[in-house]
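Thanks for coming, everyone. Let me put the structure up, and then I'll walk you through a few places in it.

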Amino acid sequence: MIASVIVDVPAKQTDRAFDYRIPPSLEGLVRPGMRVVVPFGPRKIQGFVIALLEKSSYDKLRDIEDVLDIVPVLNEELLSLAEWLSEETLCYQISAMQVMLPAAMKAKYEKNFEALVPVEQLPQSISKHLDKEGRLSWKEGIEKKLLNELQQLVTAGQMELKYAVSSKGKKKKERVLSLAASSEEALVLLDTLPQQADKQKRVIQFLLDHQSDEQNAATVKDETGASSSTIRTMIDRGYVIESFKEVYRDPYQDRMFQKTSAFSLTEEQQTAIGPILQKVHDYEHETFLLHGVTGSGKTEVYLQTIDQVLSQGRQAIMLVPEISLTPQMVERFKGRFGDRVAVMHSGLSTGEKYDEWRKIHRKEVNVVVGARSAIFAPFEKLGVVIIDEEHEMSYKQEDSPRYHARDVAIERARRHGCPVILGSATPSLETFARAQKNRYQLLSLTRRMNNQELPSVTIVDMREELREGNRSMFSRQLFEQLTLRLEKKEQTVLFLNRRGHSSFVMCRDCGYVMQCPHCDISMTYHRHSEQMKCHYCGHEDRVPVQCPECQSEHIRYFGTGTQKVEEELTKLIPEARVIRMDVDTTTRKGSHEKLLTAFGQGEADILLGTQMIAKGLDFPNITLVGVLSADTMLHLPDFRSAEKTFQLLTQVSGRAGRHDKKGEVIIQTYSPEHYSIDLAKTQQFELFYKQEMMMRRIGQYPPYYFLAMVTLSHENLLKVVSVCEEITSLLKQKLSNNAIILGPVASPIARIQNRYRYQCLVKYKMEPELKPLLKSILDTYQPKSTNDSLLIHIDVQPYMML
DNA sequence: AGCACGCCGACT
DNA sequence: GTCGGCGTGCTC
């Protein structure tokens, strides 16, 4: 038997199947979708079996070295989905497979020198570095400068260089103890043990009392007061048996989830869920857009759909933008479905993610709630895929494979014959346009549950404030409301789209702005560390006291970051307790949730944060939401900036007054007349949609056109420009006249880490030749040699224009 | 990606 | 004359 294998080498030349013989020892064990270790040139690497063949067209086959799985980790569907994904996003097949598995399953490669003769026969200079198996890693060999000597020993046949493949994922083991003898024998033992062996007796007694299963060694120690050495002795004497049991790391184990059951649906919800349940029942594919205002009860529709799916013996995937932000969502799912839910998000450790994945793989759960990559959960009988907050950017992966979870969801659902639900209060234009054209079925929830009023939204014109002499970052109105909340002991959320302290430092005399020396972007002032930081490459610099250009001392900070607001707040209202949430305060694992919990329990009056607080926050005591500057996003060089602004403002506003207290929202802006801000005030999605569609039509952007972007980067500006020119003219020449090709243009951030970035954007409606053409461009321009530092990447349907 | 094989400059 | 630079091509 022959196995066709995709090897773990992400490169153009190896992006194809290699055939291997299955040795007799592995006959029958190897199946498609399994990871194997194969010899590849002089080394050993990991690979995925994609097919079993009777014979190969290649005649110098080598043998598969080893199998890494008992059960395939990628089933038939996922294997073929990987193929689809690599074609669709122009990525290597191996990258498509890798992205479907938890990081813990990526291979780890080792290169070791190993002694072939007894260690004593080797020179002392070497032998003293060897471990007890007579091994020394290649890396250590370099560090200790032993490579020459080692090389000689290898040629002399006294040592060899061995390549090994190991898995990063470690299954967590727990030490358990059980009685070696039967109860009767143990009772005898209790009598015969000497008086002073009190601890030993207690251990035996404890194990007798809890005989139903094995006992965790740590529990035994705690309960009996026995020391490790006592237990060791007992194991050695054969009284108790020690063994290791595989356990799951459960990130939610200390949490109690209150069991909840289905609510009765409102009439509107009933109408919405009907067509979905019909499709679930009929095993038919369909994409639904569930368009519901904030607080209209979309989640309950999801939950009841999943209920139906589970009762059919099928499984459900629910995607959320970034779950660690919404512990409340996890709670709701765990509460309703208990142990049948796996949770996958970036806040988990590698090991925890691995364990959650294994629960899915072993069919111990039938629901997964997770971020983008959870779309690849290895379920075999999908009954529904739900994407909550469908418009969120985080569903698009920005590095290879550059996939959009929405597209993958629809493709998977099509294969499984099940519906997809896209839920949002502010759907992306693409999705809404498809719903208008009946490509997706539109379901609307227009009323908030319990008929809560929408919060009242006020737009404050900051230019007016400035004219009236208010130069602070808080408008009088916001400040007034803020102090009012403090008096009433209610909570406020302040939203600002920028971390750090000040966005840039400018000289008032000559206009000099401090920029990163490696990137074409201005540096951000961080008060805490008294440093200037580049948010793109991490470069740090001292804060200038004098203008480097004109020596003037009139250096001023402009723009406002979260840190500065925090300072200002403590200055203005010293008694206010403020929690700041941004990337700088939430890098530590779990810190996110901790801060939110603290706020939820009323340990602070004001929650100040960036984007990350816009989602999922649902506390009854929040009655005021302030947006300090609604414009920051609006002026970004991105055709979606108006859409993003509208979505963000609508979403942030939804944080106020979700319960019985009425909420108020204050939005500060310098451009109050802009439609995205004006219409967010009244949450008129459809009006916004009409207006924005008009802009897109004029600008020839999605949803009227599809996009593909080619980005090149190189240290040499001339080189990037010339290659970009070549590619652009090639595209112009090969594509139809209906395609619009823009470029070459410098990327909005023209240089990052000393590499110049140029891009070419293709706007098209129908170009069947585009994919193959892009593929051939990748073929010709992708670095052939390792030191050709020209990097090219192609993003089909890009989201980030930067 | 690695690694080997292969063709041109500064060294024992 | 060789050691070693990295350009090119192969890995079942």
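Start with the largest cavity, which is lined by F495, N497, V627, S629, A630, T632, M633, T645, L648 and L649. A cavity here is a set of points, on a 1 Å grid over the protein atoms alone, where a 1.4 Å probe fits but cannot get out; lining residues have an atom within 4 Å of a point.

Before going on, some ground rules. This is a predicted model: local features need pLDDT of at least 70, side-chain atom pairs count only at pLDDT 80 or more, and totals for chains, interfaces and linings use all residues. Residues are numbered from 1 along each chain as its sequence is written, chains are lettered from A and ligands numbered from 1 in the order written, and side-chain values use heavy atoms, with hydrogens and water left out.

Back to the largest cavity. About 60 Å³ of space lies in it. A volume is the space filled by probe spheres set on the grid points, which are joined across faces, edges and corners. Helix α20, residues 641–653, gives the largest share of the lining, three residues. Helices are DSSP runs of H or I, at least four residues; strands are E runs of at least two; both are numbered from the N terminus. By class, this lining has six nonpolar, four polar and no charged residues.

The second largest cavity holds about 30 Å³. Its lining is Q315, I360, H361, K363, P378, F379 and E380.

**Now the DNA**

How many residues surround DNA strand C? The count is 15, and the closest are D19, P39, F40, G41 and R62. Near means that a heavy atom of the residue lies within 4 Å.

The side chain of R62 has an N or O atom 2.5 Å from a phosphate oxygen of DNA strand C. A polar backbone atom of P39 is 3.2 Å from a phosphate oxygen. Q13 goes to a base: a side-chain N or O atom is 3.2 Å from a base nitrogen. Strand β2 gives the largest share of this surface, three residues.

**Last stop: R35**

R35 sits in strand β3. Is R35 buried or exposed? R35 counts as buried because its relative accessibility is 5%, and the cut-off for buried is under 20% (1.4 Å probe, protein chains only).

Note on methods
A polar contact is a pair of N or O atoms within 3.5 Å; within protein, one must be able to donate a hydrogen and the other to accept it, and residues adjacent in sequence count only if both atoms are side-chain atoms. Buried means under 20% relative accessible area, exposed over 50%, partly exposed in between (1.4 Å probe, protein chains only). On a 1 Å grid over the protein atoms alone, a cavity is a set of points where a 1.4 Å probe fits but cannot get out, and a pocket is an open set with protein on both sides within 12 Å along at least five of seven lines; lining residues have an atom within 4 Å of a point. Ala, Val, Leu, Ile, Met, Phe, Trp, Tyr, Cys and Pro count as nonpolar, Asp, Glu, Lys and Arg as charged, and the others, Gly among them, as polar.
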